[in-house]
Amino acid sequence: MSSPVTLETIAASLESIAQQVQALDHKVTMLDQRVEALDQRVEALDHRVEALEHRVETLEHSVEALDQKVTKLEAEQAKTNLIVETYQKASTQVVNLAFGLLATATITVIVTSVFK
């Protein structure tokens, strides 16, 4: 047989329910605080990501500028190499010409001396 329902049992049940509601309210409050803290951390991370995106864009521009400079330097180096190569060939020809002229002059002097 079940016990009769009295005002005291109803009051005790209501008090128990009130305590459970209060405990749940406390848990909700704690969860709200944790969600707020997580929101702040997400917002901080979002700012850091934005800062990193800006730095990456800056680095991309720097790399593009460096790439253009390297391409320009490669072209200048190719021109310089061509100039140096031409200079070396011309120098060799001038030296050969000078020795040829010296040899010709020497032979001319010797031949002139011998036949006099």
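The secondary structure is simple. The protein chain holds one helix and zero strands. Helix H1 covers residues 7-115. The overall dimensions were computed next. Along the principal axes, the C-alpha atoms fill a box of roughly 160 × 25 × 15 Å. The radius of gyration is 49 Å, whereas a compact globule of 116 residues would have a value near 13 Å. Distances between residues were also computed. Thr 104 and Leu 38 are 66 residues apart in sequence, and their C-alpha atoms lie 96 Å apart in space. Thr 104 belongs to helix H1. Its relative accessible area is 48%, so Thr 104 is partly exposed.

Burial was examined across the chain. Of the 116 residues, 0% count as buried. A residue is called buried when its relative accessible area is under 20%. The chain exposes about 11100 Å². Carbon and sulfur atoms supply 64% of that area.

Val 5, Leu 7, Ile 10, Leu 14, Ile 17 and Val 21 make the patch, which has an area of about 630 Å². Val 5 sits in the segment before H1. Val 5 counts as exposed because its relative accessibility is 67%, and the cut-off for exposed is over 50%.

The charges were then considered. The chain carries 10 positive and 17 negative side chains. The centres of these two sets lie 22 Å apart. A negative surface patch is also present. Its members are Asp 32, Glu 36, Asp 39, Glu 43, Asp 46, Glu 50, Glu 53, Glu 57, Glu 60, Glu 64, Asp 67 and Glu 74. Glu 60 is placed in helix H1. Glu 60 counts as partly exposed because its relative accessibility is 45%.

Pairing between charges was searched for last. Side chains of opposite charge can pair when their charged atoms come close. A search of the whole structure finds one salt bridge. The salt bridge joins the side chains of Lys 89 and Glu 85, with a distance of 3.4 Å from N to O. Lys 89 is exposed because its relative accessible area is 51%. Glu 85 has a relative accessible area of 39%, so Glu 85 is partly exposed.

In summary, the predicted model contains one helix and zero strands. The one salt bridge found in the whole structure links Lys 89 with Glu 85.

Methods. Residues numbered from 1 in each chain as written. Predicted model: local features only at pLDDT ≥ 70, side-chain atom pairs only at ≥ 80, totals over all residues. Heavy atoms only, no water. Patch = residues over 30% accessible without salt bridge, like charges linked within 9 Å, V, L, I, M, F, W, Y side chains within 5 Å. Areas by Shrake-Rupley, 256 points an atom, 1.4 Å probe, with all protein chains shown as cover. Salt bridge = Lys/Arg side-chain N within 4 Å of Asp/Glu carboxyl O. Lys, Arg positive; Asp, Glu negative; His and termini not counted. Charge placed at Lys NZ, Arg CZ, Asp CG, Glu CD. Helix = DSSP H or I, 4+ residues; strand = E, 2+ residues; numbered from the N terminus. Buried < 20%, exposed > 50% of the residue type's maximum accessible area, 1.4 Å probe, protein only. Rg over C-alpha atoms; globule rule 2.2 N^0.38 Å.
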